[in-house]
Amino acid sequence: QVQLVESGGGSVQAGGSMRLSCVASGYTYSLGCMGWFRQAPGKEREWVAYINHAGGNTIGVDSVKGRFTISRDNAKNTVYLQMNSLKPEDTAIYYCAAAWRDYGCSRVTYDYWGQGTQVTVSS
C-alpha cells in the first residue's frame, strides 16, 4: 500500500517560481511511473509531466515546456515539480500520482493519487 502527499503549493506572483514535492510512504519499493497532473476550474485534468524509475521523463503540456522540470529521488521516495516563470494560466490544483508499471507512463492507469495542492499565480 502506498500513500502520496503533496506539498509546496501556495500563492505567487507571475514570473515567480515554486517547487512542489510529493512524498510516497508505505511500500514504495520499485514504484515505476510517477506523474504530475493539474486541474483548473472549469477545465479538464491534464497531464503535466511523467517520470519513470530511472529518471526518464516527458513534459506533456506544451505551454510549460522550458519552464517546468520533473525529477525524483528514489532514496527519499519523493518526486518534485520545479515551476519557473509562472503564469496566471498555471493556476490549478496540482496532483501527483504513482504506478507500479514502469513503462508507457503516458497511458498507464495510475494506482495511487495524492489529495492535491493549490497553486495560485497572480498577474
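What share of the contacts in the chain with a separation of 6 or more comes from residues 24 or more positions apart? The figure is 56%. The model discussed here is predicted.

## Overall fold

The chain contains 11 strands and zero helices.

The C-alpha trace spans about 40 × 25 × 25 Å along its principal axes.

## Strand β9 and its partners

Strand β9 covers residues 92-98, and six of its seven residues are buried. Strand β4, residues 34-39, runs antiparallel to β9 and is joined to it by six bridges. Within this pairing, F37 stands opposite Y95 of β9.

β9 also pairs with strand β11, residues 117-122, in the antiparallel sense, over three bridges. Here A92 has V119 of β11 as its bridge partner. Strand β10, made of residues 112-113, is antiparallel to β9 as well, with two bridges between them. The bridge partner of A97 in β10 is W113.

## Surface and charge

Of the 123 residues in the chain, 45% count as buried. The accessible surface amounts to about 6400 Å², and carbon and sulfur atoms account for 46% of that area.

The side chains include 11 positive and 9 negative ones. The centres of these two sets lie 3 Å apart.

Conventions. Residues are numbered from 1 along each chain as its sequence is written. This is a predicted model: local features need pLDDT of at least 70, side-chain atom pairs count only at pLDDT 80 or more; totals for chains, interfaces and linings use all residues. Side-chain values use heavy atoms; hydrogens and water are left out. Buried means under 20% relative accessible area, exposed over 50%, partly exposed in between (1.4 Å probe, protein chains only). Helices (H or I, at least four residues) and strands (E, at least two) are DSSP runs, numbered from the N terminus. Two strands pair if DSSP finds at least two bridges between them. Contact means heavy atoms within 4.5 Å. Accessible areas come from the Shrake-Rupley method with a 1.4 Å probe; for residues, only the protein chains shown count as cover. Lys and Arg count as positive and Asp and Glu as negative; His and the chain ends are not counted. The place of a charge is taken as NZ of Lys, CZ of Arg, CG of Asp or CD of Glu.
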